[in-house]
Amino acid sequence: MNVLAETYVAVRRLWRGFSRWLASVMPKGLYARSLLIVILPMVLLQSAIALVFMERHWQMVTFRLSNAVTQDIAALIDIYREFHGLDPDNSKLERIARNRLNLDAEILPPGPLPPALPTPFFSLVDKAMSSEIEKQIRLPFWIDTVGRSDFIEVRVDMGDAVLRVVARRSQAYASNTHIFIIWMVGTSVVLITVAILFLRNQIKPILALADAAEEFGKGREVEFRPRGAREVRRATYAFLEMKRRIERAMEQRTTMLNGVSHDLRTILTRFKLSLALLGKTADVQELESDVGEMQRMLEAYLAFARGDIGEAASPTDIQSMLEILRQESERLGHDTEVVYAGAPVATVRPAAFKRCLANLLNNAARHGDRIRLEGSCDEKFLQIHVDDDGPGIPQEEREAVFRPFVRLDEARNQDEGGTGLGLSIARDIARSHGGEIFLGVSPLGGLRASVRVPV
């Protein structure tokens, strides 16, 4: 039992290793895998057919033709031995060979045969002719199947003379085999071409669905309609229905928040009006400060919950946006630097993305004196780094600051306050673009906030 168990474990280990290796060399794309599913069985089938044809038909026909030529040579030897006295110059034998057997025969004086030629790497006719001559004639012979490609030369030592016979290769060789090979390869090419065209048309709707889902994840609107096979259309309709439900839920949330915002602002306006009628006392000023703080928190919360819904993505000059943010920061008295590399234009939701960067910039300005905006854009991603020289955030607390209403006052400047929604809003906007925000250590010594979104 232990031996069986060990054998089973070893076989499973080998199978897993083979499976991992096969997965590593297999193509990753659906189009390539589909082609492999179609082409591989076809190649195996054609290979099997070719192998059977070579083994059974080609070899069999070649051996039979070689047998017939060898019988003709044996007959010429018999004629020479039986009727040599009646035909001293061998003219009748040569005429019979030429007219009846389609062979060029010649009787040479006795002498040694030429040295044996090297055996060709792949010559079925050489093997077949040599085998038949050894079996039927049983005399010393010399054969040349490669000297002249269209002819075969055979010399047989008869003792008192040497019979030299030249035959066409087609008499001893199935020369029409290439027609079958050409037909097989030609039909395979046609079938593979049809398969490639068909699979390409079947894969296009799947790729279009993937692109539409990716664009929707980036907050972009694309023209997309169901097409392709029934299953692909079903998946497309399901995606479109999900997209409509998400958009309807977002629209309903925006409408509800607008109503809540209106009602709460109305109440806060009443508070402000009532406090204004009470006069400028110390208690009234404290209440006005509380009401102002409530209004700021309300606006921040509504902005976080709303997430700038409804804005369409469009090509935006990111470099100019960074320059505008730099000017606004410097007007507030902060030393701000901008460095940008790559394509200046990227497809984003302009107002939302600017607000994301502005929140990160305000966070840097609140806790640092020097600010650096560094941007880059390549074929895949737009990346913006916002660096400051403030106290930074400990690594174990960098994820917590993205939660709504979380403030790390003990780690940052306690004299400056906020609602605790700035980073939450920024990350929400970045994720609505299909991107993310990361926090790290700045080269300036403070915090680095990095925004990366696909383009």
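Colleague: Which strands does helix 9 lie across?

Modeller: Contact here means heavy atoms within 4.5 Å. Helix 9 (residues 318–331) lies across strand 6, strand 8 and strand 9, and runs at about 175° to strand 6. Axes are lines fitted to C-alpha atoms, for helices over the stretch in contact, and angles run from 0 to 180 degrees between N-to-C directions. Helices (H or I, at least four residues) and strands (E, at least two) are DSSP runs, numbered from the N terminus. This is a predicted model, where local features need pLDDT of at least 70, side-chain atom pairs count only at pLDDT 80 or more, and totals for chains, interfaces and linings use all residues. Residues are numbered from 1 along each chain as its sequence is written, and side-chain values use heavy atoms, with hydrogens and water left out.

Colleague: What is the strand order in the open sheet of five strands?

Modeller: Strands of a sheet pair through backbone hydrogen bonds, either parallel or antiparallel. Two strands count as paired if DSSP finds at least two bridges between them. Here the order is 6-8-9-11-10, with mixed pairing. Strand 6 (335–342) and strand 10 (436–441) are the edges, each pairing on one side only. From one strand to the next, the twist averages 15°. Strand 6 pairs with strand 8 (residues 370–377) in the parallel sense over eight bridges, and Val 338 has Leu 373 of strand 8 as its bridge partner.

Colleague: Which residues of strand 1 are on the covered face, and which on the uncovered one?

Modeller: In a regular strand the side chains alternate between the two faces of the sheet. For strand 1 (residues 104–108), Ala 105 and Ile 107 make up the covered face, while Asp 104, Glu 106 and Leu 108 make up the uncovered one. Strand 1 pairs with strand 4 (residues 162–168) in the antiparallel sense over five bridges; there, Asp 104 has Val 166 as its bridge partner.

Colleague: Is Ile 133 buried or exposed?

Modeller: Buried means under 20% relative accessible area, exposed over 50%, and partly exposed in between (1.4 Å probe, protein chains only). Ile 133 has a relative accessible area of 0%, so Ile 133 is buried. This residue is found in helix 4 (residues 124–136). Not counting residues up to four places away in sequence, Ile 133 touches Thr 70, Arg 138, Phe 141 and Val 154.

Colleague: How far apart are Ile 133 and Pro 394?

Modeller: They are 261 residues apart in sequence and 93 Å apart in space, C-alpha to C-alpha.
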